[in-house]
Amino acid sequence: MGRQWLSPCKVNLLLNILGRRADGFHELETVMQPIPVHDVLEVELRPEGIALECGVPELPVDRRNLVYRAAEAFFAASKVTGGVAIRLDKRLPLAAGLGGGSGNAATTLLALNELHGAPLDLRQLSELAAALGSDVPFFLHGKPGLAEGRGEKVTPLDSFAALAGLHIVLVHPGFGISTPWAYRELARFPAALNGAPGRARRLIDSLQRGSLSAGLAECYNSLEAPAFEKYPVLGLFQGYFRKKGALATLMSGSGSATFALFGERTEAEQALADFPAEFGTPGWQAIATL
Ligand code: C5P
């Protein structure tokens, strides 16, 4: 039985895309908030090899899995000899915009580094993380973060005073959205593709000052444009949550998960309880306190 590591998810309070780059990625500014809803990784050092186990049939357990690649990258960069067995207890939905896979990769790097007495520093871990995926570096910090570039340039932030004690509802509709698809389709929505920079700074300043309504007014996700065109029900979810008293509601990342923030736990619970009567049982749901 190896040691267990919690691998949290995130929501993007803001995902403001600033344009398409020559390398095919998109320049962006995003503000990410870690959410205490987790996958669990059990990590046990072995004499050799990388063995990954995961109960979800859709997830490969070879090099195609980010956890496997993270372990491989750790051993190559640290020159540590040995191997590892990892059991991934997948509780977060796939292709949800919640960063589950990115978080798993970052958690694998952190776990292996700690179990080997920290041969790599945070800068080295961040480089490995960025090579694994744009959102992976964010998950090394365990804090809210501003991410720029293609998402890999992370500035960790103090917790947002204005969000403390709020309740977040997460709903997954039962279908996923492919991240490359969402970015590709964005080409047809020039206003969403070419956002004006500065929104992230305004959001961060307001939420750190404790000015909730000014901060939440900056919540925005450029990728809702293509996602809502193909899946209008995602827009209806937000109308529903607003009617139920949500202070803010947005699609997270490239979707398909929607989040909604509530001031009162009872409101959040009621919104989830009444959701199936409007839309049917969601594919997955969660509730957490910030
Ligand atoms: O970096 P990551 O592997 O998470 O990106 C997945 C895909 O999402 C990329 O191959 C690219 O198509 C798209 N993407 C993008 N711009 C970003 C991040 C991701 O176009 N900033």
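## About the model

Because this is a predicted model, local features need pLDDT of at least 70 and side-chain atom pairs count only at pLDDT 80 or more, while totals for chains, interfaces and linings use all residues. Residues are numbered from 1 along each chain as its sequence is written, and side-chain values use heavy atoms, with hydrogens and water left out.

Let's start with the helices. Helices (H or I, at least four residues) and strands (E, at least two) are DSSP runs, numbered from the N terminus. Two packed helices are described by the angle between their axes and the distance between the axes. Axes here are lines fitted to C-alpha atoms, for helices over the stretch in contact, and angles run from 0 to 180 degrees between N-to-C directions. Helix α1 (residues 66-78) packs on helix α2 (residues 100-115) at an angle of about 30°, with the axes 8 Å apart. That makes α1 roughly parallel to α2, given that angles under 35 degrees count as roughly parallel, over 145 as roughly antiparallel, 65 to 115 as roughly perpendicular and the rest as oblique. The crossing of α1 and α2 is right-handed; a crossing is right-handed if the near helix is turned clockwise from the far one by less than a right angle, and left-handed if anticlockwise. On the α1 side, the residues in contact (heavy atoms within 4.5 Å) are Leu66, Val67, Ala70, Ala71, Phe74 and Phe75. Their partners in α2 include Ala105, Thr108, Leu109 and Leu112.

The axes of α2 and α3 come within 10 Å and cross at roughly 150°. This makes α2 roughly antiparallel to α3. Ala105, Leu109, Leu110 and Asn113 of α2 make the contact with Leu125, Leu128, Ala129 and Leu132 of α3. The α2 and α3 crossing is right-handed. Within helix α3 (residues 122-132), Leu125, Leu128, Ala129, Ala130 and Leu132 are buried, where buried means under 20% relative accessible area, exposed over 50%, and partly exposed in between (1.4 Å probe, protein chains only). These buried residues of α3 pack against α1 and α2.

Thr30 is buried, with a relative accessible area of 2%. Its side chain makes a polar contact with the side chain of Asn12, at 2.8 Å. A polar contact is a pair of N or O atoms within 3.5 Å; within protein, one must be able to donate a hydrogen and the other to accept it, and residues adjacent in sequence count only if both atoms are side-chain atoms. Leaving aside neighbours within four places in sequence, Thr30 is in contact with Asn12, Leu14, Leu15, Gly145, Leu146 and Ala147.

Asp39 is buried as well, with a relative accessible area of 0%. A polar atom of the Asp39 side chain lies 2.6 Å from the backbone nitrogen of Arg91. Not counting residues up to four places away in sequence, Asp39 touches residues including Trp5, Leu88, Lys90, Arg91, Gly100 and Asn104.

## Cysteines

A disulfide is a pair of cysteine sulfur atoms within 2.5 Å. By this rule, the model has zero disulfides. Cys54 is buried, with a relative accessible area of 15%, and Cys219 is buried with a relative accessible area of 15%.

A few spots deserve a look on screen. The peptide bond from Gly255 to Ser256 is cis, with omega near 15°, and Ser256 lies in the loop between β9 (248-251) and β10 (258-262). Ala95 has a positive phi of about 50° although it is not a glycine. Ala95 sits in the loop between β4 (83-89) and α2 and is partly exposed, at 42% relative accessibility. Ala118, in the loop between α2 and α3, has a positive phi near 60°.

Phe279 belongs to helix α10 (residues 265-279). Phe279 is partly exposed, with a relative accessible area of 26%. Apart from residues up to four places away in sequence, Phe279 touches Val233, Leu236, Phe237 and Tyr240.
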